Amino acid sequence: MRFAQFLVDLAFLIDNSLRYQRIKRFVKNLLENDDYPYKRYFDYFMIFLILSSVVIIIEEVKTPISKWLYYYDVYFVTGVFIVEYLLRLWVYNDVHKIIILEYEESLFLERPFDTKRVVKEIIKKKLEYIFSPLAIIDLLAILPSYRELRILRIFVLFRVFKLLRYSQNITHFFQVLASKKIELFTLLMLVAFTILVSGISIYVFEEQHNPHINTLYDAFYWALVTISTVGYGDIAPVTHEGRTITMIIILVGVGLISFATSIIVSAFSEKLNEIRENRIVHTAKRLDNYYVICGFSHMAQLLAKRFKREGIDFLIIDNDANVVERALAEGYLAICEDATQADAFRHINFNSVKAVMALTQTDMHNIYICLNVRSFSKECFIISNAVDNNSHKKLKLAGADYIISPYITAGFFAAKIIDEPIAIEAIKDILLARKNALCEQVEVIKGSFLEGKKIKDIDFDRYKLILLGIVKMEESAPKEKFYHKFIFNPDEEHRLEVGDILIVMGYSVSIANFKSQVVGSSLRHGKKA
Amino acid sequence: MVKKHKILLFGFGRYAEQIAKNLALDAHHVVIASLDKEELKVAAKDGFEDLHVVDIKDDAQLTDLILDHDITHIFCAFDDEEKNIYLSITFKSLFRTLPVIAICESKETERKLKLAGADKVIDTMVAAANRLYYIVEKPAVAEAIDEILFKDKSIIFEEIKVPKGSFLDGKNIKDIAFSKKYKVILIGLVDKELGNKFIFVTRGINHKIDAGDVLVVVGKKEDIKNFKKLLGVMV
């Protein structure tokens, strides 16, 4: 009874300890959560340990290794493996929760606290982990350090298997195979049955005549080698009966092999999309500052092309599988999801999304997408395509921050193309960055040589740039929507302030050069100060 | 410099509606032609008066329309790209010299329109997509271009043909402080010596300006006017 009381007290103590919870959560994230940023480093570390220890063990086969390497392998690597194993066992489940549950149940049902049952439950849960395939591999991977037993060397293999844990790709491979469990099991049974029958028959027929077949083990070995169509030829049948059996199982073997191949191939073709989608979502998760484009419409395609050329990351979401296929063929990241459904954004971390663009061809979809995105993130910048002019207001209400309409843009350009045709051509060249002449924004950074300078003191000619104007930032306005005051062709005496944005025109090399000078001068300044 | 053009606009769909409004804002006279009476009704609602029901397949009707109204530009702005191609070809066969402007939504149509003889083609999707790019990636540039092109009516682009004997004739670009002295920004020029291609000044090559070259400048209306006066170009 005292022991039970002690258990319950301990369980509640742990349950109430924030520090314990925090530590456990950290360990759990580190070991199991793929989205946890530090897990990757942990994985790399473990992969390094495994590879180094495998190399050491292989090296040891031929030449005696140095004492330090031996210590490193036996104590450090194995030590880390043991600690990892124990930690995994620890975070697998919460023991104290089992105790508390039982305690609460016993109070509720007014029966005595059943210590035996609790202990049994705890052991059952932990054993469940211990006997899971990956845990067995972990355990076996610890063994090779015990060098006195040579046979344990075989478990070096398990160290290599341990790599599975740290590599997404291989895990996927096994997931695919797992989806065909029943078929593979059937196949295995079939193979086992054939080996059994043919092995026994060859043993019966040839044991007396064939010098190579002495035991049943030899016979099974021969059967498998033959059935797999490998056929080493180290053991060959010598009697007529034996040869007849060989002919039969060769035919059966060809059948079995094609059966196995077809199972695996079909498993992959079924799961391929899922895996690919998974991978894309995973890649997208690792991106920082990217755009989400919903609907791979014509406009979206052109935008994607431009983004790609400028090296900007983006993710395309479209609900048409064929369209997604096309986007993937172009080498873009694309997933097949319905962006009007909440499900589509469940993997997306809106903190690293620069903006979401709803570019479908129908306003209704765009409105849904805006609402949907807003329900996930209040701050995310949303841009929407509008087909109908009446939709502008609705889209704004649905949460779009900016509305683009090809019709309105076309209207702007159309009017100008009559009055100022060359201007439009020039602007077009600049906007499309066709002739390598660009329009670029350069911010006046604190400490850079631009700060506090007058326009006349900056020799734009030397940089081979044209200054079109300056955009002044309004401090009160939110970052995304500022840019209120544009000063065209500013006065000679105009003094630049930090935060002003110069609009310059020039060739890409000149602009890159100018930008790097601005940034460089600000860094130098920072160092001095 | 703003003279009133008479523009014949075909269609009154989503594109044409916006185009018509912007043209009207710039004080052009817009004549709207369409076969669809519903479209013309919308046009009437928007305040356009010069409306005509025209079958684009009827050459006689088209010829009458243009001659009657003394049209200077033709704008093919049907939402249906094929009609625009058809119209471009028709007009090029009827009136060789009349400038035809057409809109399209894809590169393929743009190519066809150019083959059909359209003088200017606006790819609306390219325009919108690139605009979108600037808005998200370089908002300040987008703002500046908006301001220069559309919002601020006092800033204009101008093509100036350098007259013979003017003070620019025979000078090098580098020797002239366009923005300091005349308050206009020289973007580029069409140099007759180097073929009729538009060249950005930022190439860094020091061009010699000759009579007949076309300078592309941007600036305040007033400053450009003064600059032109100095050059001796008729205002």
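Is the crossing of α4(B) and α5(B) left-handed or right-handed? In this predicted model, the crossing of these two helices turns out to be right-handed. Helix α4 of chain B covers residues 81-94, helix α5 of chain B covers residues 107-116, and their axes come within 8 Å of each other. The crossing angle is roughly 15°, which makes α4(B) roughly parallel to α5(B), since angles under 35 degrees fall in that class.

As for who touches whom, α4(B) brings B:E81, B:N84, B:I85, B:S88, B:I89 and B:K92 to the contact.

Moving on to the interface between the chains, 68 residues of chain A are in contact with 66 residues of chain B. Putting chain A and chain B together buries about 6600 Å², and 72% of that area comes from carbon and sulfur atoms. On the chain A side, A:Y407, A:I418 and A:F488 stand out: this trio accounts for 11% of the area that chain A buries against chain B, more than any other three residues.

Charged pairs also turn up here, with a count of 2 salt bridges between chain A and chain B. In one salt bridge, the side chain of A:K354 meets that of B:E137, with an N to O distance of 2.7 Å.

Terms used. Residues numbered from 1 in each chain as written. Chains lettered and ligands numbered in written order. Predicted model: local features only at pLDDT ≥ 70, side-chain atom pairs only at ≥ 80, totals over all residues. Heavy atoms only, no water. Axes fitted to C-alpha atoms, helices over the stretch in contact; angles between N-to-C directions. Helix = DSSP H or I, 4+ residues; strand = E, 2+ residues; numbered from the N terminus. Parallel < 35°, antiparallel > 145°, perpendicular 65-115°, else oblique. Left-handed = near helix turned anticlockwise from the far one by under 90°. Contact = heavy atoms within 4.5 Å. Buried area = accessible area lost by both parts, 1.4 Å probe. Salt bridge = Lys/Arg side-chain N within 4 Å of Asp/Glu carboxyl O.
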